[in-house]
Amino acid sequence: MEQKFTEKEETLFSIMKKYTGEDVCIAFSGGTDSSLLLKVAVDCAKKDTKIYAVTFDTVLHPSCDLEIAKEVAKEMGAIHQVIFINELENSDIRHNPVDRCYQCKKMLFEDLMAFAEKVHAATVLEGTNEDDLHVYRPGLKAVRELGVKSPLAEAGLTKQEVRSLAHKLGISVANRPAAPCLATRLPYGADLQPELLRMLERGETYLKEAGFSVVRLRLHGNIARIEIPVSDFAAFLEKREEITEKLKAMGFSYITLDMEGFRSGSMDETLQERKVEK
């Protein structure tokens, strides 16, 4: 197992040496995947190669993401570029369709490709890992269509292996939980209203400050469904009254704890059910 991981690490560095032979742009969120990609790019780049870490400042992502991305890019010595995009101006995204992720990724990466052309960067990279290839990720279609490269997936690195390598290389956000866009907190077909997204962001921020670092606050009409790891249930129930009072004060009507616990992509479970029904 260790040898296999070592081989993947060597493969990643070999791939990145090829890509960083010229200037590159990296879609950079400040999460573990893109941070590992940026670190390896900086380490592999020639002296005169420019590494651009490009972060999207968007309506659908928590505001803290941008601040974290700025700090990590500075730590690594990359050129940090911020591109502001309001995804909700696109009617194909605003009503949260099943292919929202495809529409959104296409919109974001078209702007990133335009920036890469402007600065004469030869290649655009992004942080999809091996595990992402085996779950519902419609955004990958847009990435492939635009010719964006995914070195972590090319090297076959799983999410756990990405975290392990990030630890090995001393990356500060090696343990940072995934932070998908806020649209994933609402069912497909729901209107993505800015004030509702900000309310969800405030709710999740509060829950994290209350001690639940891995959490999703999903909204189904007037029912707020909280997902945390099952191991955190006891601690959550001890704070039940305080949490309920705080979230209701924010505007949430009914507060529930999901008994299945945290799981990434739980809003996609209904899509799987539809496939079974067919």
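Predicted model: local features only at pLDDT ≥ 70, side-chain atom pairs only at ≥ 80, totals over all residues.
Colleague: Hi! How many aromatic pairs does the count come to?

Modeller: Three aromatic pairs. The rule is that rings of Phe, Tyr and Trp (its six-membered ring) pair if their centres lie within 6.5 Å; planes under 30 degrees apart count as stacked, over 60 as edge-to-face and the rest as tilted. Residues are numbered from 1 along each chain as its sequence is written, and side-chain values use heavy atoms, with hydrogens and water left out.

Colleague: Thanks! Where in the chain are Tyr 52 and Phe 115?

Modeller: In distant parts of the chain, 63 residues apart: Tyr 52 belongs to strand β2 (residues 51-58) and Phe 115 to helix α5. Helices (H or I, at least four residues) and strands (E, at least two) are DSSP runs, numbered from the N terminus.

Colleague: Are Tyr 52 and Phe 115 buried or exposed?

Modeller: Tyr 52 and Phe 115 are buried. Buried means under 20% relative accessible area, exposed over 50%, and partly exposed in between, using a 1.4 Å probe and protein chains only.

Colleague: Changing topic: which charged end sits over the ring of Tyr 102?

Modeller: That of Lys 141, at 4.9 Å from the ring centre. Lys 18 also lies over a ring face, that of Tyr 19, 5.0 Å from the centre. The test is that NZ of Lys or CZ of Arg is within 6 Å of the ring centre and within 35 degrees of the ring normal.

Colleague: Tyr 102 brings me to α5. Which residues in α5 are buried?

Modeller: Among them are Tyr 102, Met 107, Leu 112 and Phe 115. The cover over the buried residues of α5 includes β1, β2, β3, α4, β4 and α6 (139-145). These are contacts, meaning heavy atoms within 4.5 Å.

Colleague: And what should the 19 residues of α5 span?

Modeller: They should span 27 Å, and the end C-alpha atoms of α5 are 27 Å apart, which agrees. The expected span is 1.5 Å times one less than the number of residues.

Colleague: What about Asn 96, buried or exposed?

Modeller: Asn 96 counts as buried because its relative accessibility is 0%. Asn 96 has a positive phi too, about 50°, although it is not a glycine. You can find Asn 96 in the loop between α4 (91-94) and α5 (100-118).

Colleague: On to sheets. What is the order in the open sheet of four strands?

Modeller: The order is β3-β2-β1-β4, with parallel pairing. Two strands pair if DSSP finds at least two bridges between them. The edges are β3 (79-85) and β4; each has a single partner strand, so one side of each lacks a neighbour in the sheet. On average, neighbouring strands here are turned by 25° against each other, direction ignored. β2 and β3 have seven bridges between them, and Thr 58 stands opposite Ile 85 in β3.

Colleague: Which strands does helix α2 touch?

Modeller: Helix α2 (residues 32-44) packs on that sheet and touches β1 (24-27), β2 and β4, with its direction at about 160° to that of β1. Axes are lines fitted to C-alpha atoms, for helices over the stretch in contact, and angles run from 0 to 180 degrees between N-to-C directions.

Colleague: And what order does the open sheet of three strands have?

Modeller: β5-β6-β7, with mixed pairing. β5 (216-220) and β7 (254-257) are the edge strands, each pairing on one side only. β5 pairs with β6 (residues 223-227) in the antiparallel sense over five bridges; Arg 216 has Glu 227 of β6 as its bridge partner.

Colleague: Which strands does helix α9 lie across?

Modeller: Helix α9 (residues 194-209) lies across β5 and β6, at about 145° to β5. Helix α11 (residues 240-250) lies across β5, β6 and β7, at about 135° to β7. Buried residues of α9 include Leu 196, Leu 200 and Tyr 206, and their cover includes α3 (64-76), β5, β6 and α11.
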